[in-house]
Amino acid sequence: MTDISATAPLDPARLPFEPLMQRNAVISEAPWVRRTLIGVAILFLAGFLLLPLLSVFAAALGKGLGAYFASFNSADTQSAIRLTLIAAGIAVPANLVFGLCAAWAITKFEFRGKQFLITLIDLPFSVSPVVAGLIYILIFGAQGWAGPWFSAHDIKVVFAVPGIVLATIFVTFPFIARELIPLMQELGTDDEQAALSLGASGWQTFWHVTLPNVKWGLLYGVLLCNARAMGEFGAVSVVSGHIRGLTNTMPLHIEILYNDYQFVPAFAVASLLALLALVTLAAKSVLEWRFADQLAATRRH
Amino acid sequence: MSSIAAPADAARRAPKRAIPGFGPTLGFTVFYLSVLVLIPLAGVFFRASGLGLEGLWNVLTGPRVLNALSLSFGAAFIAALINAVFGGVVAWVFVRYEFPGKRLLDAVIDLPFALPTAVAGIALTALYAPNGWIGELLTPLGIKVAYTRLGIIVALTFIGLPFVVRTVEPVLREVERDLEEAAATLGAMRWHTITRVILPAVLPALVTGFALSFARGVGEYGSVIFIAGNFPNVTEIAPLLITIKLDEYDYRGATAIAAAMLVISFVLLLVINLLQAWARRRA
Amino acid sequence: MLFAGQVGAAQLLNASYDVARGFYKDLNPAFIADWKKHGGADLSIDQSHGGSSKQARSVIDGLEADVVTMNNPLDIDAIAKAGLLPADWQKRLPNNSSPSWSAILFIVRKGNPKGIKDWDDLVKSGVQVIVPNPKTSGNGRYSYLAAWQYARSKTGGSDDTAIAFEKKLFGNVPVLDTGGRGATTTFAQRGIGDVLLTFENEVGLIRDEFGADKFEIVVPSLTVRADNPIALVDKVAAKKGTTPIAQAYLQFHYTKAAQEIFAKNGLRPIDAAVLKAHAADFPALNLFDVEQAFGGWSKAQADHFADGGSFDKIIANAHP
């Protein structure tokens with residue numbers, strides 16, 4: 001295994017997918033092309049992703065660590081964090097159950113209109129967040145279809161926690177299903193058939209055969225769904241009512257702080273969400289790295 | 001993000017209904033979908049229908065609405081195009097090359113999914129404003145980004161980037177090296193291998209990523225309103241116009257624009273999914 | 001915390017406009033202390049802030065606010081139209097239900113490099129003006145109406161010259177933020193524009209947050225009186241059984257103590273004595289009133305800000 005490429009000596013152990021590149025330079029590009037492409041990619045990502053991320057942390061830490069941590073002392077901030085956790089804590093499991101059901105029905109069976117159903121599942125993802133919030137106002141608002149009934153029974157939906165949960169479910173609706181469906185399609189039904197023919201019940205088959213096969217894809221879907229659930233702004237803003245300490249989620253609280261010219265606290269709360277994103281992504285990377293073989297094995301099953 | 005595709009071959013080979021649970025899972029899927037998504041969305045059409053066809057037409061063809069719609073769709077289109085090109089390069093570089101910091105960069109790709117859109121908007125505005133880190137460099141060159149249409153494109157590029165990278169990456173990984181090697185040993189030039197072997201294989205994923213990025217950008221609100229100048233007819237996006245209509249207590253006008261956007265989005269997504277089904281079948 | 005408010009102490013919700021946050025942070029504790037001193041039961045007051053119209057819309061759609069406190073009467077009229085409070089709400093409390101008011105002033109950068117003294121200077125070429133969208137913010141609406149009134153009350157002025165004036169003015173506006181706070185951030189934080197049009201009560205906060213030595217205030221020769229009306233949302237308060245507390249809360253706005261709090265937060269109190277005591281903070285102004293100059297708020301709204309109104313026409317070809 002001689003190293004032909006003059007650039008960067010590589011550790012094959014870290015490269016589950018690239019062994020061929022080492023052996024056969026004929027299917028790779030000239031070093032200058034490679035360097036140019038890498039340069040373009042890095043520059044592009046730096047300008048569009050890294051710098052915005054850095055600027056969030058720079059603004060949050062602009063007045064020192066003391067000011068940064070003091071930002072989390074306010075009762076309103078803490079209640080915003082709590083509410084965000086509650087909303088995500090309900091929305092993510094709900095979409096998890098839905099995602100599993102939808103993926104099972106779509107990938108294990110044939111039926112008419114499947115493509116149409118998949119498109120409908122995707123729909124929330126392209127609906128403007130403003131509209132996503134508005135639809136619940138049109139139904140549950142005091143002037144809406146069901147509003148008077150709910151009001152008469154003293155059930156608050158919009159401008160209260162249930163409305164926030166509904167809006168969060170809506171915007172994160174397709175995330176887990178989208179992650180699972182292609183994976184389960186690739187896996188096919190052979191394993192399940194085998195288990196069933198050996199006498200396993202449907203539930204046992206799902207629990208001991210299907211779930212282990214899709215667990216990494218499922219976890220990735222849950223992580224993304226959770227990140228988006230906690231970060232949603234537009235839709236939640238429409239149904240929240242913005243009552244401090246009661247119906248403000250973290251993104252809404254960030255806006256309020258920002259509009260109060262409290263830039264350090266605003267970006268400090270934002271940095272929590274950015275950290276959450278980074279932890280999510282780190283977890284994902286670690287999973288992929290540690291279980292790369294397993295992942296590759298299942299994906300190529 | 002992975003892609004959804006038409007029934008895989010494996011599923012087609014399987015004897016039908018051998019696996020239990022079709023009724024309950026499909027039933028629950030349709031129920032959950034109807035209650036949370038379809039019925040609420042129907043409300044938009046119901047409210048908009050109060051205008052009548054002529055009223056609807058008048059709202060949607062007003063110059064300000066037309067300008068906002070064409071801005072939203074146009075800027076989303078350009079941003080998706082930028083993402084298709086640069087996202088494609090990024091995916092290629094991630095899959096094929098090793099370089100320091102690759103893992104870190106790979107980890108931030110999904111950031112736009114997780115960062116609240118309002119924070120993204122504020123951060124981008126701070127960067128690209130004339131006194132920002134990047135704006136300072138661009139202003140002497142006479143390039144204005146913040147508060148122009150260019151700024152809207154920047155925000156939408158940010159929002160849509162992961163869709164292209166995450167759609168193209170797995171496909172690129174799957175492209176058979178053997179095929180490339182075979183092409184190479186047969187004496188094909190590298191450039192030919194790329195255009196004749198790799199590009200056709202990746203193209204459906206690239207188009208899908210483009211379309212997803214486009215669909216997401218059309219409806220985007222939170223990140224755009226901070227960096228756009230929000231000037232009517234010039235830098236006012238359609239979702240902002242919806243909220244402005246609402247603030248005028250004009251629910252029908254607002255829902256009319258929303259309904260138009262919904263229909264276009266749905267058609268778009270249907271095209272995406274059919275496209276993917278087609279790609280699947282070809283693969 | 002999920003369903004806080006269902007148990008124990010009475011709870012008021014005040015749906016208010018965007019920039020009244022600082023004021024209510026001071027006023028609410030003062031009222032609660034006063035309420036308890038007079039034998040009232042335990043009480044807490046929640047605040048919801050947002051754009052004036054957005055807040056009114058939320059109340060109409062079911063946000064259970066006992067009281068609304070706004071920066072223009074139009075949005076409370078909209079709530080009245082939805083049947084949540086009587087149409088003659090302005091007659092229920094002193095001074096047309098407005099316990100305080102403010103006015104639109106100019107803020108320029110230190111040293112006033114563009115030499116901006118009055119409205120005429122805003123329409124000169126090369127001057128950039130930051131003002132929020134009149135369609136979405138009270139701040140923008142008042143600024144627009146003040147410019148209109150200035151232009152037509154000049155010698156030889158008319159509604160036609162006012163239109164021309166507004167066209168030039170909005171031709172000089174590079175960014176149209178949706179709210180007053182956004183406009184301030186654009187001006188102070190992003191460094192865009194030469195002059196910011198905003199409420200007098202925002203000036204103090206801007207100086208505190210962005211540096212007192214960075215900005216100067218310019219008082220134009222004519223400006224608009226912006227009343228800040230307050231009202232009880234009868235239906236909600238009746239349902240929640242909070243009518244007496246909510247009424248006491250509103251009346252408290254007219255007490256000496258509350259008037260002092262208004263003054264401290266840069267809002268002009270209607271109590272002449274309190275205003276006089278703070279005369280140093282409030283320069284003399286040449287004012288007009290929207291009700292008188294534009295035939296009432298609903299007429300002003302219909303003529304200028306509604307779909308197809310004069311603002312739409314002005315903006316149609318005012319490319320920034």
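Modeller: Two residues are in contact if their C-beta atoms, placed from the backbone, lie within 7 Å. By that rule, the contact between chains A and B takes 94 residues from chain B and 94 residues from chain A. This is a predicted model, in which local features need pLDDT of at least 70 and side-chain atom pairs count only at pLDDT 80 or more, while totals for chains, interfaces and linings use all residues. Residues are numbered from 1 along each chain as its sequence is written, and chains are lettered from A and ligands numbered from 1 in the order in which they are written.

Colleague: Which element gives the most to the side of chain B that touches chain A, and how do its residues divide into nonpolar, polar and charged?

Modeller: The most comes from H2(B), with 15 residues; helices here are DSSP runs of H or I with at least four residues, strands are runs of E with at least two, and both are numbered from the N terminus. The residues on that side of chain B are 66 nonpolar, 14 polar and 14 charged, where Ala, Val, Leu, Ile, Met, Phe, Trp, Tyr, Cys and Pro count as nonpolar, Asp, Glu, Lys and Arg as charged, and the others, Gly among them, as polar.

Colleague: Why are H6(A) and H2(B) called roughly perpendicular?

Modeller: Helix H6 (residues 129-140) of chain A and helix H2 (residues 22-49) of chain B pack at an angle of about 80°, with their axes 8 Å apart. Axes are lines fitted to C-alpha atoms, for helices over the stretch in contact, and angles run from 0 to 180 degrees between N-to-C directions. Angles under 35 degrees count as roughly parallel, over 145 as roughly antiparallel, 65 to 115 as roughly perpendicular and the rest as oblique, and H6(A) and H2(B) are therefore roughly perpendicular to each other. On the H6(A) side, A:Val131, A:Ile135, A:Tyr136, A:Leu138 and A:Ile139 meet B:Pro40, B:Leu41, B:Gly43, B:Val44 and B:Arg47 of H2(B). Eight of the residues in this contact are nonpolar, one is polar and one is charged.

Colleague: What makes A:Phe159 count as buried, and what is its phi?

Modeller: A residue is buried if 20 or more other C-beta atoms lie within 10 Å of its own, exposed if 12 or fewer, and partly exposed in between, with C-beta atoms placed from the backbone. A:Phe159 has 29 C-beta neighbours inside 10 Å and therefore counts as buried. Its phi is positive, about 60°, although A:Phe159 is not a glycine, and A:Phe159 is found in the loop between helix H7 (147-152) and helix H8 (161-172) of chain A. Most residues other than glycine have a negative phi.

Colleague: How do you know that A:His242 counts as buried, and where is A:His242 found?

Modeller: With 22 C-beta neighbours inside 10 Å, A:His242 counts as buried. A:His242 is found in the loop between helix H12 (234-240) and helix H13 (250-259) of chain A, and its phi, near 55°, is a positive value in a residue other than glycine.

Colleague: What is the mean pLDDT of chain A, and over which residues is the pLDDT below 50?

Modeller: pLDDT is the predictor's confidence in each residue, from 0 to 100. The mean for chain A is 83, and 86% of its residues reach 70 or more. Over residues 1-25 of chain A the pLDDT is below 50, and this stretch has 26 contacts in the model beyond near neighbours in sequence. Chain A has 15 helices and zero strands, and 50% of its 301 residues count as buried.

Colleague: How many helices and strands are there in chain B, and what share of its residues counts as buried?

Modeller: Chain B has 14 helices and zero strands, and of its 283 residues 55% count as buried. The contact with chain C takes 19 residues from chain B and 23 residues from chain C. On the chain B side of that contact, the largest share, three residues, comes from helix H13 (residues 238-247) of chain B.

Colleague: How do you know whether the radius of gyration of chain C agrees or disagrees with that of a compact globule?

Modeller: The globule rule is 2.2 Å times the number of residues to the power 0.38, and the radius of gyration is taken over C-alpha atoms. For 320 residues a compact globule would have a radius of gyration near 20 Å, and chain C has 20 Å, which agrees. Chain C comes to 16 helices and eleven strands, and 52% of its 320 residues count as buried.
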